[in-house]
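Thanks for making time this morning. I would like to walk you through one model, going from its strands to its charged pairs and then to some backbone details.

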Amino acid sequence: MPGQIEDYALIGDLQSAALVGRDGSIDWLCLPRFDSGACFAALLGDEDNGHWRVSPATGGACTRRSYRGDTLVLDTFWETDTGTVMVTDFMPQRDRAPDVVRIVEGVSGSVEMRSEIRLRFDYGNITPWMRRADDHRIAIAGPDAVWFRSEPRVTTYGKDFCTYADFHVAQGERVAFVLTWHPSHEKRPRLIDPYRSLAQSLDGWETWSAQCSYDGPWRDAVMRSLITLKALTYAPSGGIVAAATTSLPEEIGGVRNWDYRFCWLRDATLTLNALLSSGYLEEAVAWRDWLLRAVAGDPADLQIMYGLAGERRLPEYEVPWLSGYEGSAPVRVGNAAVKQLQLDVYGEVLDSLFFSRSQGIPPQEHAWRIQAALLDFLESRWREPDEGLWEVRGQRRHFVHSKVMAWVAADRALRTLERFPHLDGDTARWKAMRDTVHPEVCRRGYDPDRNTFTQYYGSTGLDAATLLIPQVGFLPASDPRVIGTVEAVRRELGYGGLVRRYTPDHVDGVPGSEGAFLACSFWLADALWATGRREDARELFERLLSLRNDVGLLSEEWDPVARRQLGNFPQAFSHVGLVNTALALSRADGTP
């Protein structure tokens with residue numbers, strides 16, 4: 001049975017990632033990309049759906065674990081009656097083929113160890129044919145092939161479609177296991193030296209982490225979040241996936257289980273801010289360039305999300321042979337929300353491109369033409385209802401956040417023309433749009449009796465996305481309507497000291513409930529700080545930091561009752577929120 005969501009740590013190679021449990025089991029791994037079929041899928045089923053455990057033969061959870069400094073190299077320790085052993089897990093940044101390396105090292109005494117690997121391709125559905133060749137185990141089924149070896153050689157044996165290795169390590173001894181995937185029709189890739197790869201991985205991550213310009217009071221938390229964002233980056237394209245997993249539930253036993261292994265436009269501006277403000281210009285440029293490639297084309301075809309390389313077709317289907325995390329079914333692959341109308345994404349795109357240009361990222365020649373075309377399209381459509389930021393699968397509404405972001409789109413285009421007057425644009429029409437949207441939102445999206453903006457026109461429900469109103473410049477933080485909205489969200493959406501995304505009245509068209517949304521809780525901390533509630537903001541931020549697991553990772557949501565993480569993991573949106581809130585609070589304190 002898989003552990004709790006917070007029991008997992010992340011390793012990756014900037015093209016895919018694996019989740020490693022406290023018991024030494026890799027229960028989730030998709031190869032060769034984040035969105036490929038999983039060859040270890042025990043996370044969403046059981047061990048028969050694929051896993052790889054390396055641990056003392058007696059089993060059990062580790063004594064302690066941590067990443068090695070500011071890297072993505074994981075060290076896990078077990079202290080047993082006979083000695084102490086360390087397992088080091090990492091995925092080297094690949095040359096051509098992806099590798100998973102697990103190095104077992106004796107720290108003291110002598111420990112009997114076991115490696116137990118069940119390969120199951122296609123999300124735990126296909127048992128491969130396993131054979132021996134040149135001291136390797138080779139698993140093949142359809143398009144997938146995996147080579148499994150050890151250095152020095154350890155005897156392996158098969159039983160019940162599982163490959164075992166029993167061995168022991170004494171103090172100072174090391175045994176490395178390497179799993180390598182490649183397309184089954186190609187020759188075996190070049191073998192890597194696992195020990196040299198470890199040294200190179202440590203050096204690569206330490207060099208990257210040293211670029212971080214943030215040196216405030218929460219540096220460790222910020223650095224771990226930035227490393228996590230880097231780990232969720234698909235290096236060939238620069239796209240950043242929302243999470244490494246699919247179908248980890250927002251409610252244990254419920255149906256709110258979605259595939260997050262894609263790139264969302266809504267993350268664009270907040271992610272750019274986190275990267276640029278922390279000193280990571282190269283990553284910000286790569287994300288900006290991915291964004292421009294993804295949105296190029298007919299503005300009417302703009303999607304809310306895309307594949308890792310900008311793919312548009314992300315068909316959603318269910319995987320019936322997986323029982324779901326703790327029985328939370330169905331397990332879904334793909335995401336049908338890709339076809340939704342979410343008008344806020346136009347504002348997100350124009351805001352992010354304005355921000356990147358204003359921060360000195362050299363603009364691409366065609367970028368402004370794309371922006372102008374997007375705004376021209378939005379000018380003709382912003383009055384329509386949509387599915388909104390939270391991807392409701394119910395009735396379309398006039399969501400307040402969508403309208404605010406339509407205003408942002410027009411505002412950023414006009415500000416771009418002011419700063420860069422050599423660019424062409426329909427200033428009069430865009431200004432008319434901006435001047436029309438703003439009073440309409442203040443009239444139709446605001447409840448004067450409760451002094452708060454609402455979720456959609458005519459609604460009594462609230463939406464935590466309205467906390468972004470001062471952040472995007474729609475109204476100043478000192479405006480009484482902003483202050484009232486912050487207090488109303490805190491009061492009516494509050495859940496265990498954090499906040500939910502919106503009033504739980506099933507406007508989203510999906511049964512069940514969910515936990516407190518971590519990104520929204522970071523937004524609340526930002527809003528409290530901006531409106532002068534400094535101590536409350538700091539206390540909330542510290543509370544959020546305390547919800548990270550033992551290696552500093554956050555999922556999408558938190559269950560204050562069961563006191564556990566919920567949703568896909570680790571979640572980029574949560575870690576972006578952490579970085580941006582730390583930066584905001586630190587800047588106010590005078591920290592660079």
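**Strands, salt bridges and backbone**

Let me start with strand S3, residues 25-30, which is mostly covered, since 6 of its 6 residues are buried. Please keep in mind throughout that this is a predicted model.

Which strands does S3 pair with? On one side of the account there is strand S2, residues 17-20, which pairs with S3 in the antiparallel sense over 3 bridges, and within that pairing leucine 19 has tryptophan 28 as its bridge partner in S3. S2 and S3 form a hairpin with 4 residues between them, and glycine 24, which sits in the turn, has a positive phi of about 85°. S3 also pairs with S5 in the antiparallel sense, over 2 bridges, with serine 25 standing opposite arginine 53 in S5. Finally, S3 and S4 pair in the antiparallel sense over 2 bridges, where leucine 29 has phenylalanine 40 in S4 as its bridge partner.

Now to the charged pairs. A search of the whole structure finds 47 salt bridges, and I will take you through a few of them. Arginine 118 and glutamate 47 meet through their side chains in a salt bridge, at 3.8 Å from N to O. Because arginine 118 lies in strand S9, residues 99-118, while glutamate 47 lies in the loop between strand S4 (38-40) and strand S5 (51-56), this pair ties together parts that are 71 residues apart in sequence. Are the two residues buried or exposed? Arginine 118 counts as buried, at 11% relative accessibility, whereas glutamate 47 is partly exposed, with a relative accessible area of 25%.

The side chain of arginine 118 also meets that of aspartate 48 in a salt bridge, at 3.9 Å from N to O. This pair, too, links distant parts of the chain, with arginine 118 in S9 and aspartate 48 in the loop between S4 and S5, 70 residues apart.

Arginine 533 lies in the loop between helix H11 (518-530) and helix H12 (534-546), and glutamate 487 lies in helix H10, residues 480-492, so the pair ties together parts that are 46 residues apart in sequence. Both count as partly exposed, arginine 533 at 32% relative accessibility and glutamate 487 at 25%.

Last, the backbone. Most residues other than glycine have a negative phi, and most peptide bonds are trans. Against that background, a cis peptide bond joins leucine 31 and proline 32, with omega of about 10°, and proline 32 lies in the loop between S3 and S4. The bond from alanine 329 to proline 330 is also cis, with omega near 5°. Phenylalanine 161, in the loop between strand S13 (156-159) and strand S14 (162-170), has a positive phi near 60° and is exposed, with a relative accessible area of 68%. Glutamate 326, in the loop between S20 and S21, has a positive phi near 50° and is partly exposed, at 28%.

How values were computed: Residues are numbered from 1 along each chain as its sequence is written. This is a predicted model: local features need pLDDT of at least 70, side-chain atom pairs count only at pLDDT 80 or more; totals for chains, interfaces and linings use all residues. Side-chain values use heavy atoms; hydrogens and water are left out. A salt bridge is a side-chain nitrogen of Lys or Arg within 4 Å of a carboxyl oxygen of Asp or Glu. Buried means under 20% relative accessible area, exposed over 50%, partly exposed in between (1.4 Å probe, protein chains only). Two strands pair if DSSP finds at least two bridges between them.
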